[in-house]
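Subject: Structure handover

Hello,

Here is the structure for you to pick up. Please open it beside this note, and then read on for what was found.

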Amino acid sequence: VQLQASGGGLVQAGGSLRLSCEASGGAFSTYAIGWFRQAPGKEREFVGAINWSGVNTWFADSVKGRFSISRDNAENMVQLQMNNLKPEDTAVYYCAASNIASINEDDYHYWGQGTLVTVSS
């Protein structure tokens, strides 16, 4: 499966952005989708994940209550809604697909290119 992340941009602190992850070329509806991010000079970290059906989601403590994930399997799309953004959310955001819903990036075998989110203070 090929993944394409989009929707990044520049936003002021307190604002919102919605990232999209569009899939092609595979059985999208069978995969869990995870979002990860990498800030400048830091290691990539888990942001959130959604299972194949969309019933279950998981989030890092740093974004819990501010971010949400949804998916539309008919459209091969997953969206990461980010609200009340903070400067520390600035990073390149990646979506990835896995056979299992996991917070561990090693469990994800298909990755999209990143999309840059910049939050100004």
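Arg-37 and Asp-89 are both buried; buried means under 20% relative accessible area, exposed over 50%, and partly exposed in between, with a 1.4 Å probe and protein chains only. The model is predicted, so local features need pLDDT of at least 70 and side-chain atom pairs count only at pLDDT 80 or more, while totals for chains, interfaces and linings use all residues. Residues are numbered from 1 along each chain as its sequence is written, and side-chain values use heavy atoms, with hydrogens and water left out.

Salt bridges

Side chains of opposite charge can pair when their charged atoms come close. A salt bridge here is a side-chain nitrogen of Lys or Arg within 4 Å of a carboxyl oxygen of Asp or Glu. By this rule there are 5 salt bridges.

Arg-37 and Asp-89 form one of them, at 2.9 Å from N to O. This pair links distant parts of the chain. Arg-37 is in strand β4, and Asp-89 is in the loop between β8 and β9 (91-98), 52 residues apart. Strands (E, at least two residues) and helices (H or I, at least four) are DSSP runs, numbered from the N terminus.

Arg-37 also bridges to Glu-45, with the closest N and O atoms 2.6 Å apart. Arg-37 has 5% relative accessibility, so it counts as buried. Glu-45 is partly exposed, at 35%.

Glu-105 and Arg-44 make another salt bridge, at 3.1 Å from N to O. Glu-105 sits in the loop between β9 and β10 (110-111) and Arg-44 in the loop between β4 and β5, so this pair ties together parts 61 residues apart in sequence. Glu-105 is partly exposed at 26% relative accessibility. Arg-44 is partly exposed too, at 27%. Salt bridges that share partners join Arg-37, Glu-45, Arg-66 and Asp-89 into one network.

Aromatic rings

How many aromatic pairs does the structure hold? There are 6. Rings of Phe, Tyr and Trp (its six-membered ring) pair if their centres lie within 6.5 Å; planes under 30 degrees apart count as stacked, over 60 as edge-to-face and the rest as tilted.

The ring centres of Phe-36 and Phe-46 are 5.7 Å apart and the planes are at 70°, so this pair is edge-to-face. Phe-36 belongs to strand β4 (residues 32-38) and Phe-46 to strand β5 (residues 45-50), so the pair ties together parts 10 residues apart in sequence. Phe-36 is buried, at 1% relative accessible area. Phe-46 is buried at 13%.

Tyr-108 and Trp-111 have ring centres 6.4 Å apart and planes at 65°, so they too are edge-to-face. Tyr-108 is buried at 4% relative accessibility. Trp-111 is partly exposed at 27%. Phe-36, Phe-46, Tyr-94, Tyr-108 and Trp-111 form one aromatic cluster.

Two arginines lie over ring faces. The rule is CZ of Arg or NZ of Lys within 6 Å of the ring centre and within 35 degrees of the ring normal. Arg-44 lies over Tyr-94, at 5.2 Å from the ring centre. Arg-71 lies over Phe-28, at 4.6 Å.

Strands

Two strands pair if DSSP finds at least two bridges between them. Strand β3 (residues 17-24) pairs with strand β8 (residues 77-82) over 6 bridges, in the antiparallel sense. Leu-19 stands opposite Leu-80 in β8.

Now β9. Of its 8 residues, 7 are buried, so β9 is largely enclosed by the rest of the structure. β9 pairs with β4 in the antiparallel sense over 7 bridges. In that pairing's strand β9, Ala-97 stands opposite Ile-33. β9 also pairs with strand β11 (residues 115-120), antiparallel, over 3 bridges. There, Val-92 has Leu-116 in β11 as its bridge partner. With β10, the antiparallel pairing of β9 runs over 2 bridges. Ala-97 has Tyr-110 in β10 as a bridge partner.

Best wishes
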